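Me: I want to go through this model and ask what stands behind each label. Can you set the values against the cut-offs for me?

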Amino acid sequence: MYAKQYEITLPADYDMTIIRKRVADRGHLLDDRAGLGLKAYLIRERGIDGSPVNQYAPFYLWNDTGAMARFVFGGGGFQGIVSDFGRPAVLHWTGVACHAGPARTAPPRAASRRLTPVPDLDSIEREAERLRELSRQDGVHTAALAVDPHHWQIVRFVLWAETSAQDADATERYEVLHLSAPALDGLPEGRTW
């Protein structure tokens with residue numbers, strides 16, 4: 001499993017209905033994308049749920065890194081973002097753990113992300129155990145943990161069936177506009193090592 005996300009921060013007065021329409025018109029295009037576990041079309045709106053910014057920030061979990069490379073570099077979909085917004089920095093992490101939550105069959109409406117540094121390698125094991133516990137909470141659709149070994153950073157990403165993410169430790173909270181999940185069942189269950 002491989003996680004990636006790009007964040008497109010928009011002006012404070014940006015009309016977020018433009019992004020909502022973009023996702024309504026184009027979101028379905030990845031609903032059957034080979035190699036993709038899931039893509040959560042995420043937004044944050046300034047002043048809502050504590051967000052300081054307007055932002056479009058899709059989050060992906062890939063089962064196949066070759067399919068991810070085709071998407072980003074091979075004209076398989078990412079060119080739309082580049083042509084409309086420029087080339088964003090793409091955050092990426094190696095998957096550590098993934099769990100289906102009790103609300104896996106419900107459409108996710110919110111997401112939470114927690115970015116933290118890796119103080120020591122044992123902290124990854126502790127975070128994997130915390131993720132397993134969190135994934136059992138009512139309302140959790142999917143919970144994933146991944147590590148960036150270049151910057152030594154852990155990302156915890158959770159999709160929620162409720163309209164508000166119940167993750168007290170989240171550093172960011174998002175609204176989910178659409179979920180493309182062609183190979184959701186192909187994502188690993190539990191730790192990936």
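This is a predicted model: local features need pLDDT of at least 70, side-chain atom pairs count only at pLDDT 80 or more; totals for chains, interfaces and linings use all residues.

Me: Start with α1. Which residues of α1 are buried?

Reply: Ile19, Arg22 and Val23 are the buried ones in α1. Buried means under 20% relative accessible area.

Me: What puts them on the same side of α1?

Reply: Their arc around the axis. Ile19, Arg22 and Val23 are buried in α1, and they cover an arc of only 90 degrees, so they sit on the same side of the helix. On the other side, Lys21 and Ala24 are exposed. Exposed means over 50%.

Me: What do the buried residues of α1 pack against?

Reply: They pack against β2 (8-10), β3, β4 (54-56), α3 and β10.

Me: Now α2. How do you know that its buried residues line one face of the helix?

Reply: The buried residues of α2 (residues 65-73) are Ala67, Met68, Phe71 and Val72. Seen down the axis, they fall within an arc of 130 degrees, so they line one face. Their cover includes β1 (2-6) and β5 (59-62).

Me: What makes aspartate 64 a cap for α2?

Reply: A side-chain oxygen of aspartate 64 lies 2.7 Å from the backbone nitrogen of glycine 66. The cut-off for a polar contact is 3.5 Å. The pair is within it, and aspartate 64 caps the N-terminal end of α2. After α2 comes glycine 75, with a positive phi, near 75 degrees.

Me: Why is threonine 116 called buried?

Reply: Its relative accessibility is 16%, so threonine 116 counts as buried. The limit is under 20%. Threonine 116 is in strand β7 (residues 110-117). Neighbours within four places in sequence aside, it is in contact with Trp152, Gln153 and Ile154.

Me: Why is arginine 173 called partly exposed?

Reply: Arginine 173 has 22% relative accessibility, so it counts as partly exposed. Buried would need under 20%, and exposed over 50%. The residue lies in strand β10.

Me: What polar contacts does the side chain of arginine 173 make with backbone oxygens?

Reply: A polar atom of its side chain lies 2.7 Å from the backbone oxygen of alanine 165. For the backbone oxygen of aspartate 167, the distance to a polar atom of that side chain is also 2.7 Å. Both pairs are within the 3.5 Å limit.

Me: Which residues does arginine 173 touch, neighbours within four places in sequence aside?

Reply: Arg44, Asp49, Ala111, Ala165, Asp167 and Ala168 are in contact with arginine 173. Contact means heavy atoms within 4.5 Å. Arginine 173 and isoleucine 43 are 130 residues apart in sequence and 8.7 Å apart in space, C-alpha to C-alpha.

Me: Which residues are closest to the centre of the largest pocket?

Reply: The largest pocket has a volume of about 260 Å³. Of its 18 lining residues, Arg26, Leu29, Leu30, Lys39 and Gly77 are closest to the centre. α1 (17-26), β3 (36-44) and α3 (79-85) each supply at least two lining residues. By class, the lining has nine nonpolar, five polar and four charged residues.

Me: What about the second largest pocket: which element gives the largest share of its lining?

Reply: β10 does, with three residues. The space in this pocket is about 150 Å³. Of the 13 lining residues, Ile43, Ile48, Asp49, Tyr174 and Glu175 are closest to its centre. By class, there are five nonpolar, three polar and five charged residues.

Terms used: Residues are numbered from 1 along each chain as its sequence is written. Side-chain values use heavy atoms; hydrogens and water are left out. Buried means under 20% relative accessible area, exposed over 50%, partly exposed in between (1.4 Å probe, protein chains only). Helices (H or I, at least four residues) and strands (E, at least two) are DSSP runs, numbered from the N terminus. The arc is that of the directions from the helix axis to the C-beta atoms. A polar contact is a pair of N or O atoms within 3.5 Å; within protein, one must be able to donate a hydrogen and the other to accept it, and residues adjacent in sequence count only if both atoms are side-chain atoms. On a 1 Å grid over the protein atoms alone, a cavity is a set of points where a 1.4 Å probe fits but cannot get out, and a pocket is an open set with protein on both sides within 12 Å along at least five of seven lines; lining residues have an atom within 4 Å of a point. Grid points are joined across faces, edges and corners, and a volume is the space filled by probe spheres set on the points. Ala, Val, Leu, Ile, Met, Phe, Trp, Tyr, Cys and Pro count as nonpolar, Asp, Glu, Lys and Arg as charged, and the others, Gly among them, as polar.
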